[in-house]
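Try each task before reading its solution.

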Amino acid sequence: MRENLNVIAAYVIMLGLIILVGFLQSWSIALSILCFCLISAVMTMGANIQWGYAGLINFGIMGYTALGGLAAVLVSVPPVREAWQVGGLNMILCAFLIALMVFSIRFIIKKYNKSNKRNYGIALVIITGLVLLRLISGPAIESIEAVSPATTGFLGGMGLPILFSWIVGAFFAGALAYVIGKIALGLRADYLAIATLLISEIVIAVIKHEDWLSRGVKNVIGLKRPVPYEIDLQTKEWFINLVAKFNQGTLNLITDALAKEQMLKQLVIEGSTVFVKLCFAGLFSIVVVILLIITQKALYSPWGRMMRAIRDNEEAANAMGKNVVKQHLLIFVLGSAIVGIAGAMMVTYDGLFTPGSYRPMRYTFLIWVMVIVGGSGNNFGAILGGFAVWFLWIEAAPIALFLINFFTSGFEETNAFRVHLINSIPYFRYLMMGIGLLLIMRYRPKGILPEKIKHI
Amino acid sequence: MILKLEGHFWVGNMDIINAIVLLLNYIFVPALSYGSQLALGAIFVSLIYGILRFAYFTAGDLMSFGTMFTILFTWYFQSLGISLGIFPTALLAIPFAIIITTFYVLLKDKLVFSYYRTKKSPPVQLAMVSIGTMFVTQAIVRIIIGPFDRRFFDGEKFILKANEFKEMTGLNEGLTIKSTQVTTLLVTIIVVSILFWFLNKTKTGKSMRAYSDNEDLALLSGIDPKKVVMITWVIAAILATVGGALYGLDKSFKPFTYFNNMLPIFAAAIVGGIGNPFGAFLGGYVIAFSEILVTYAYRKFFIYLLPESIEPDGLLQLLSTDYKFAVSFSILVVVLLFRPSGIFKGKVL
């Protein structure tokens, strides 16, 4: 019970901090922090499954996040019919060709023993395949990208509700993880880290530069939303009444009718953004809670015990007849799929897909800081890590400003040193993250909420 | 008559020579200098991996740290009016920057890494810790000098200009050699030869290699681990500063680019066989050359070589330059698949 108290206290403090931001700064900021905290929590749960349950290092989180985002685009954007007409057939042909290549390579690997001949055969398949792909896709891509490049210039998506993309994103990320896992999971821990980091960089390069698929750095904007738009809300009768009801106290103080109406209008505009963010927060919370229930169940199931056994002593688990390789691959796919969901959620929330913004610092290393700070192997810890680190990441600037002003209060306002420090406030968040990570790793290596195993 | 013949001979082979000069200008010279810069980074990553036994994720940012101080000292010398004439002032600043970077890495080792080393933590944990120091180093660099693009090159920019070369030889293609490229090459040769002399011939270097091969055996034979670790860090600081400063001179200094350079550096170190400094040195060139070879458009090259009737239409580019990084990483993946210990056999992992 005492340990549960720890968890509850930590979460109460966290929520209290977010509410404090609501009072001190604004509710809109507080809610967007909350939304991103929830998204981060989903990402950390994915990373935690891999690292905490199975001890696999995956530094490719950025890649899965971006794939989830791509899924959001491909699911929700309506198809560009003209582009499909000019180049669709060729692109489908290419997809078949890739499938053919994969199958023929598999066939060669299965059929022939390891030999130079086999390697040459595989190389031959790959090279001819690439040349053919180039010949077929080249003109098609050109004509697709020429279809009104300012607005579309890509194949578009399926035109389905964007909520589906959360599932599709998981599948995309899982499929990528399957491929990467097949290639890289045999590697030693830190090799795996580097390999996944580099592969995620390749994924980003593809998304960034294959304009026919994702519009690349031209970005996709104005994605559909699963929640109402602010503009629509502001004209709805029930919403205005709701806002009026909430703010009765303030409105009653104003006697002038015109001023009252003005005030109400202002409140409705503010209220609509808060309402939209609340809807998002609700949706995200549902995902987090569902995932939390599933992961908790998995952790305490025979499967979870097996995973821990594999993590703690691979050889012993192997000797007990557990298929370590297969389980590693499975958990790698599952964890990455969860990260894919988070990626789709994030693009849904932002309403835009910007391949240029995927950077390893923000999408890989920061998530790892969250997992380690929160407590690897403990789902509650991982979620808390997501909340706490994201909160600090956003609120680092105000905190740094306060600290700088406090410590340099002896200097004049125009002191060059002070001005320089204040200008570089955005970078203090890196410092805080680094020092936070180092302190946690040194003095609480198991994280804020350490893993605890119930023994039955 | 003789003159005419000579002229004819010259014209007939002109195309081949032009084609070769073209490749020299756009592939060989840039790849050689970029490869040297990567190689310097890869060597110290490889050394740290071999001796301290973890993947040092701060590599790129340590280079930017060293470069930052090189720039600060360069500015200081410039304000004093000191310069090296045709050579960049930065060359004078590098030794001072090395001293500060050395202090920084040794301080970091004392405060952070030594604790985990004495506890014999698994390498993964040390790698995580190095991510922590990566964040801190990045913050320090950005707070001190800012995230912006900075150029600190001065002195003579070109050793050989395209026009001069054309006039000299009468060829259509020019060959440009920037002084930074020559500096990079010269400095790399000097630094790397001293390093390999040190590792192979001196007692300390040999003890370092012994420690890398088998820690327990090395300790038994009386090698002082503290000294080995300290010298590794000093070498890392030297290589990071020199490599970073050379890269900055050749291109420009931007903290974010340096962080990104960590990736090809790791690729080079692994391709060369991580833990094997000489392999890492060659790995740097493998990565640089393959990046440029694969993304270069060969159209003009074939126009020179082939008769007019079968001149190519397309750019003849294997991959667009956008995939520059992707190329080196794909090589890495292939190497990992077929030869996990690297092309030049590193530590058996």
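**Exercise 1.** How far apart do the C-alpha centres of domain 1 of chain A and domain 2 of chain A lie?

Solution. This is a predicted model, in which local features need pLDDT of at least 70, side-chain atom pairs count only at pLDDT 80 or more, and totals for chains, interfaces and linings use all residues. Residues are numbered from 1 along each chain as its sequence is written, while chains are lettered from A and ligands numbered from 1 in the order in which they are written.

Start with the bounds, which come from an automatic or database domain assignment. Domain 1 of chain A covers 2-79 + 156-443, and domain 2 covers 80-155. Their C-alpha centres lie 34 Å apart.

**Exercise 2.** Why is helix H7 of chain A described as largely enclosed?

Solution. Count buried residues (20 or more other C-beta atoms within 10 Å of the residue's own, with C-beta atoms placed from the backbone). In H7(A), 15 of the 21 residues are buried, so the rest of the structure largely encloses this helix.

**Exercise 3.** Which helix of chain B gives the largest share of the side that touches chain A?

Solution. First take the contact (C-beta atoms, placed from the backbone, within 7 Å). Chain B gives 36 residues and chain A gives 33. Next, find the helices (DSSP runs of H or I, at least four residues, numbered from the N terminus). H3 (90-118), H4 (123-145), H10 (255-271) and H13 (324-338) of chain B each supply at least two residues. The largest share, 14 residues, comes from H4(B).

Note on methods: Buried ≥ 20, exposed ≤ 12 C-beta atoms within 10 Å, placed from the backbone. Contact = placed C-beta atoms within 7 Å.
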